[in-house]
Amino acid sequence: MSPIPLLLHYAATDSPAASKHNDSVLHYFVVCDENEVLLDSYFNSIIKAFLKDPSTIYATNTDTKSQINTNFGNSAVPSDGAKVDKDGHPDLDSYLEHIKATVIDRATRVSSAKMIGHMTTALPYFHRPLARLLAALNQNVVKLETSSTMTFLERETGAMLHRSFYDRPESFYANHLQSVLSSASSSNSLVLDPGTLSIFCSGGTIANITAMWVARNNELGPFERLVEGGGGIKEFGGVEKEGLFRALNVYGYTGGAVIIGSRFLHYSFKKAADLLGLGDSGLVLIDTDSNFRIRTDLVEKKVAEFKSTNTLVLAIIGIVGTTETGAIDNLDELSRIATKNQIHFHVDAAWGGPLIFSPSHSHKLSGIANASTITVDGHKQLYTPLGLGVLLFQRPTLPQRIRKTANYIIRAGSVDLGKYSIEGSRPANCLHLHASLSILGKSGLNSLITRSVTLVKQLWRRLSDLDGFEVCHEPMSNILVYRYIPRRLRGKSERIKEEKSEFDKRVDGGVDKNKRRWSSGKIANGSESIDVMIDEDGSKVRSVRRFSITNVDENIVPSVNLKTDGEQSRDLEYAANWNEEEDKLISELTREIQKMQSVEGTLGFVSRTTIGVMRRVEDDSKMVLRDVDVFRVVIANPLTKWEDVEDVINEQVKFGRVVEEKYWKESVSQVKVDKSDQSEDEKVSKFMEKLDKIRSRSGKWAGWPMEL
């Protein structure tokens with residue numbers, strides 16, 4: 001973007017003592033139409049160029065330490081502020097030109113159609129002028145006295161989301177949407193009935209922490225009870241007054257307190273466990289199945305185990321769209337377990353919550369209406385600017401135990417929203433969400449989310465057919481993880497794909513992976529038979545009489561954990577026999593390709609993450625969880641087309657060749673491999689074995705820099 005001249009000036013009539021430097025700051029607070037128009041024109045030009053210049057995404061910063069210090073190394077506040085011209089008028093040109101050159105020109109193009117690696121996307125155009133409007137209004141929704149109308153708009157917006165997920169009767173919202181009553185007849189002040197349907201905050205992290213705070217304070221609330229033997233009345237003020245240690249002792253939880261969730265829980269729950277006094281050990285992470293969904297059978301076992309040790313389970317967490325893979329947990333089963341054991345059930349739907357607006361995908365959220373609390377992010381797939389998160393309450397009285405008041409604001413009985421939120425002063429970002437919901441509507445949101453999921457499903461099918469890639473799951477939403485397979489391992493990769501396909505056919509009667517259904521049948525080369533009956537809709541297993549498998553191919557390891565009524569049924573899982581060294585090699589090449597694309601790439605960007613996948617232990621028939629590095633594609637940008645996705649993949653193929661050639665050229669020179677009559681797998685195994693010895697001596701791959 002080329003520099004755009006900006007000449008800001010102030011008329012003499014607008015500036016008291018214009019030539020006085022110490023009075024010049026007053027000009028910034030006076031409504032000066034001419035200068036605001038000039039400034040708006042300048043910023044509009046910058047915005048237009050920024051949004052229409054996708055040539056480089058700038059997903060990383062390649063500046064040297066010296067360059068960073070030059071651009072961002074000033075720790076002193078200027079003594080006189082902005083410079084003034086010869087007439088004493090403030091001059092903003094130099095400041096704005098500096099910010100444009102050092103910050104804006106190379107800011108990450110998160111709205112680029114080829115930026116398919118993170119959850120930040122393009123926004124509807126109406127949010128940009130709305131942001132300017134909000135800055136002009138500068139409302140603080142912590143209290144009614146600084147947000148006389150935004151307070152009620154925020155409650156209305158929260159109710160719109162609440163109805164989308166919980167769908168309560170019209171009478172419910174008539175009673176609880178505003179819940180405003182006139183106080184004494186002699187007064188015009190307002191009094192709010194206890195409770196709220198939602199809390200707005202800066203994002204999903206604060207929403208999740210607040211949900212755990214609510215769960216803890218409700219589980220360990222105050223009480224009065226008679227003491228046996230005429231000992232009078234025993235009173236307890238609740239955990240919010242007497243602390244966690246005393247609360248657990250009073251309630252008899254000698255084993256402490258825990259939160260249960262998937263090993264793919266968002267890191268905000270680690271913060272919640274820390275802040276609530278549970279510590280890292282208070283966050284119990286449960287293993288997942290082959291589609292990265294929480295094992296509900298293991299959840300039920302853990303709950304029973306904690307009950308037997310007098311350990312309080314504060315909450316069970318279900319996820320709608322894990323950050324790494326976009327997986328969606330079985331909310332029906334989790335809610336059943338939570339209800340059966342009277343445990344707070346929280347759903348983190350920060351990413352995948354808007355699937356509720358898609359008739360094609362909303363069934364994946366079945367059970368979410370049973371959640372005690374739900375987290376939804378506006379700044380993800382509801383297309384609002386950062387940062388906007390919402391915590392929804394099934395019952396409006398749930399947050400009563402976290403209510404805090406003060407004498408000067410958020411007084412008891414007031415309509416002030418700040419008495420329920422962790423954050424104090426907050427901007428009225430509810431206007432952005434209200435606009436997205438009202439202007440885009442259900443049909444618009446349906447179109448956006450359905451399109452994104454379809455693009456990712458198309459990518460999954462495409463990569464499944466390419467011999468240079470390995471997909472790690474079938475996507476449930478619009479996130480996909482996959483790996484790059486080097487040419488020397490593609491023969492094995494193809495055999496694994498064929499064996500998996502053959503494995504799926506071995507159950508006579510079929511296993512429908514999409515609907516996760518079973519039917520009676522038996523393994524073709526197994527010595528025992530499967531005898532499984534299911535409901536017609538495939539929702540649960542009704543009876544399991546016999547099941548075992550023997551004599552399966554060595555590259556495919558079944559893992560069966562079928563359950564009876566009310567419990568989760570799992571399909572056959574298989575584990576390809578990638579050995580540990582091969583997985584390390586694939587992971588390293590995947591990392592280096594991703595780094596190269598983020599620095600040198602011109603056709604797009606994807607992120608990377610580390611996930612645990614099931615692998616066969618070579619010396620027996622068990623499976624182990626092994627961490628591998630993978631590419632992570634996230635598609636939510638309405639501007640992203642299939643051509644953009646293909647460009648990104650084609651560029652990865654190109655960089656893959658470069659990385660492979662460099663790797664093998666530099667590594668083979670240090671490793672002599674026996675060229676006798678060996679299979680390709682044996683050669684690779686020998687090579688990796690010798691290479692690992694070199695790496696163990698040098699602390700890194702021979703001839704291969706860990707960082708570009």
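**Reading the aromatic rings**

Author: Welcome! Let's begin with a charge and a ring: Lys-654 lies over the face of Phe-655, 5.0 Å from the ring centre. This is a predicted model, where local features need pLDDT of at least 70, side-chain atom pairs count only at pLDDT 80 or more, and totals for chains, interfaces and linings use all residues. Residues are numbered from 1 along each chain as its sequence is written, and side-chain values use heavy atoms, with hydrogens and water left out.

Reader: When does a charge sit over a ring, and over which ring does the charged end of Arg-168 sit?

Author: NZ of Lys or CZ of Arg must be within 6 Å of the ring centre and within 35 degrees of the ring normal. The charged end of Arg-168 is placed over Phe-172, 4.3 Å from the centre of that ring.

Reader: How many aromatic pairs does the structure hold?

Author: Rings of Phe, Tyr and Trp (its six-membered ring) pair if their centres lie within 6.5 Å; planes under 30 degrees apart count as stacked, over 60 as edge-to-face and the rest as tilted. There are 11 aromatic pairs here. In one, Tyr-42 and Phe-43 have ring centres 5.7 Å apart and planes at 50 degrees, so the pair is tilted. The ring centres of Phe-172 and Tyr-173 are 5.0 Å apart with planes at 85 degrees, so this pair is edge-to-face.

Reader: Is Phe-172 buried or exposed?

Author: Buried means under 20% relative accessible area, exposed over 50%, partly exposed in between (1.4 Å probe, protein chains only). Phe-172 is buried at 10%, and Tyr-173 is buried at 4%. Phe-43, at 32%, is partly exposed.
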